[in-house]
Amino acid sequence: MLAQENAVGECNILRTMRHTSRLQNAQDRLKSEHMSVDQLLSGLRLNTDFMQQVVAWERLRPRRAKYAPLPPVAPIVRRALAQNDMTQIFTHQAAAIQAVLAGENVIIATGTASGKTLCYTVPVLHRLVENPRARALFLFPTKALAQDQLAALNALIAAGEMAIEANVYDGDTPRGKRSNIRKHSQIILSNPDMLHAGILPYHTGWRDIFANLAYIVIDEVHTYRGVFGSHVANVLRRLRRICNFYGSDPQFICCSATIANPQEHAQKLCNAPFTVVDETQNGAPQGLKHFILYNPPMIDVQLGLRQSVILTAMEAASVFLQNEVQTVVFARSRQAVELLLGYLRDTVDSEQVANSALMSSTQPKSKIAGYRGGYLPLERREIERGLRAGEIRGVVATNALELGVDIGALDAAVLCGYPGSIASVWQQVGRAGRRDSTSVALMIAGNAPLDQYICKHPRWLLGTSAENALTNPDNLQITTNHLLCAAYELPFERNEAWGEWDDAEELLEYLTAAGQLHQTRNRYHWIGEETPTRQISLRTDGVDNVVIQTRDDARPQVLGEVDLHRAAVTVYDDAIYTHRGQTYLVDDFDYDGRIAHVRSVDVDYYTTASVGSEIRQLAAAHEEQRDGMLRAHGDVLVVTKATTFRKVRRYTHETVGMGVIDLPEWELDTTGYWLVFGEALAEQLYEQGILLRPNDYGPNWSTQRQKALERDKYKCRNCGAGEGTILHVHHIRPFREYGYQRGENDNYLRANRVENLATLCPKCHRQAEMSVQQRSAMGGLAYVLRNLAPLFLMCDSGDIQVVANSRDPLTQAPTIVIYERAAAGVGFSEKLFEIHDMLLLAAAELVRDCNCVDGCPACVGPPGEIGADTKAVTLQMLQILRGEIG
């Protein structure tokens, strides 16, 4: 994606916004007479160049506060609220508190900055004041959020002078303090990972907590979806099982961003009934907010290429920052964060330096920071404090800042592309906005098909509800892993229920037969020496992390960690790793030792890896024959290997070097959804020229193919990939051009000369054949589906992968497979099976409505990587698959 960005000319948005700024700011730039948000927006409204690229401009009207009386709580709690000027509370807060006090499990699903925290802190503090023996467990998806909430909670406790102790207990908690925290805390703040691996396996040391646990608070519950959510649901099953053992039955209080199924999601996650308090009851005030959907102008209409989303976001953010508008910029990836951070510092800081040079010889410290996973906890705390204090005026972040970490109220948010879900859009938009002033959120569409589909159909974003959060707690692989953990914690009784499984005995017997459990007369026992939680990660497919460590001085510094699979494409030998705007060269990656050694370098390029995957197994769980094709979903085995990397120059994005990645392949057991074209349908596509018939390479093909492999030493001639990679043999001059007809001529002899053959890995083979129409119709459809499916799934485009073959090695027919990139899958494949017709309709709309001529990155693929008629044949194929044409 980044490599496709084009830095051609100055961005239209920059010219427009700079012009707007200069109209009122040219007299004296050194007097800090900066434009307000209202002034900037008024100027933009009057600028026709800017407005031509605006797809939608929504004015989200200010909303007055709606108050309600505080339900009956302990006087000391009421006094603490009064000390914080909370003599009145909002209607949704009152409804939530009342429901909790009535003994109900409650989920609060209202917008960002609506005061959801108070919905659980008030009833929890009331209960602990009334019953000092009671305990509460607060769970947050990140350590940063737990630390942030502890500070707010302790402030309220101190205001009321309550004798309540609250502490964070996570992986960063010093071991010397852990015993004291377990003994004396009435409120424990933690995260699902620590609960899974550091608390539940050692529950005997937490007897007092579990025996008296009154409340389990789960914040940001919408993030517990997919694989992570499916794991967390099983962790909560284990938690409730242990509470039951110690005689407690805690209530649940959950908080969520706005999603379409809050009640269903909470009930599936916690396996309990829930009462919902949602946006219809939201009484929190809101200032005037402008939401602008901006589609960068075309730089090549025929090719469908638009101005760079990265550079456009940088230019927009720089104008806000130069006018002292505190701004957050959201980027899709860690690499994009570091690129944008560098660009903004180059642009904004250089102007600050120039201005300060006229008044002072002291270099000003940068007021722009990055924020993403991989930063150390102390670094993140420093950035959060700087944002709250106003010392940091701009921050470039991944979705790590979507969550409720307190960074104060910012004035502007710039979204660098569609973040992957409607819920994420409004979470990021919600980061800008004070309750009594104007704010702006500018979402800049990328060239990706999903971004462009939203630009063509903005009501998808602005006029529909958020998506459903999907989890699959009963995924067989996930649930059996947690059954082992639960058996370690407490032996299983015969006929004991497990979540939706009324009787888990069948699974327990399977695990016993596998030698992982031991059965006595009425119980199943774990027979290992160590807890199995050490082998199970809630957030990644594997259990290994790679440490990134400097070699710059006598005292190496740990920069961060990445999981093993991510390491294969980010910290391979000679990769450029970027941390907080500083570039580091990976000297060596010790795969077995799980450590990457890096050193600081000053280079003008970054690196990007190429990865090749191959599907080796399809096993249908459900299939249906319809419209001339078989559609199915089921189990998929995928083998993946990182093969090569490119060095890409910053700003121009030109390739300045190549290299080979020499790391082991890895297997993924997952689930998928696939389409297999039947003989009649395939014949129709052949007859109409949409697909070209598979080649018969002649009787000597096997022999010649083997000679080519041996000559090339079983390595790809383009990228060097070899051992562990499935290799193809490619005809340099297309075989079809030789006119071979079996039984009529021997033209195959010339076509199959070794000089006309080249050994290629699957990725390089696909690139070599992009100009062949046989690949382009299938490849065009695969490209559309991969980029469009996330709109229906509440997932990132990186959560799924699509493979298309005109003659698949497994099915021996034209086949498209969409598989989940998470081990065992989480239900995306089954959902795609259900929405098959809707998905094909949206795909046809996307291709038909695109303004390009022969295909582009916004529909069927980038020019140069697709055939000349790819757009036309892809649309024809979709129309045939949907029954629009015969």
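Biologist: Is the crossing in which helix 11 passes helix 19 left-handed or right-handed?

Modeller: First, a word of care: this is a predicted model, in which local features need pLDDT of at least 70 and side-chain atom pairs count only at pLDDT 80 or more, while totals for chains, interfaces and linings use all residues. Residues are numbered from 1 along each chain as its sequence is written, and side-chain values use heavy atoms, with hydrogens and water left out. Helices (H or I, at least four residues) and strands (E, at least two) are DSSP runs, numbered from the N terminus. A crossing is left-handed if the near helix is turned anticlockwise from the far one by less than a right angle, and right-handed if clockwise; helix 11 passes helix 19 in a right-handed crossing.

Biologist: At roughly what angle do the axes of helix 11 and helix 19 cross?

Modeller: Two packed helices are described by the angle between their axes and the distance between the axes. Axes are lines fitted to C-alpha atoms, for helices over the stretch in contact, and angles run from 0 to 180 degrees between N-to-C directions. Here the axes of helix 11 (residues 226-246) and helix 19 (residues 476-489) come within 10 Å and cross at roughly 25°. That makes helix 11 roughly parallel to helix 19, a label for angles under 35 degrees.

Biologist: Which residues of helix 11 meet helix 19?

Modeller: Contact means heavy atoms within 4.5 Å. Among the residues of helix 11 in this contact are Val227, His231 and Arg238, and their counterparts in helix 19 include Ile478, His482 and Glu489.

Biologist: What covers the buried residues of helix 9?

Modeller: Buried means under 20% relative accessible area, with a 1.4 Å probe and protein chains only. Six of the eight residues of helix 9 (residues 192-199) are buried, so helix 9 is largely enclosed by the rest of the structure. Met194 and Leu195 are among those buried residues, and their cover includes strand 5 (135-139), helix 11 and helix 19.

Biologist: In what order do the seven strands of the open sheet lie?

Modeller: Strands of a sheet pair through backbone hydrogen bonds, either parallel or antiparallel, and two strands pair if DSSP finds at least two bridges between them. The seven strands have the order 6-7-5-8-9-4-10, with parallel pairing, and the edge strands are strand 6 (166-168) and strand 10 (275-278). Four bridges join strand 5 to strand 7, where Ala136 has Ile187 as its bridge partner. Helix 11 lies across strand 5, strand 8 and strand 9, running at about 170° to strand 8.

Definitions and conventions. Parallel < 35°, antiparallel > 145°, perpendicular 65-115°, else oblique. Buried < 20%, exposed > 50% of the residue type's maximum accessible area, 1.4 Å probe, protein only.
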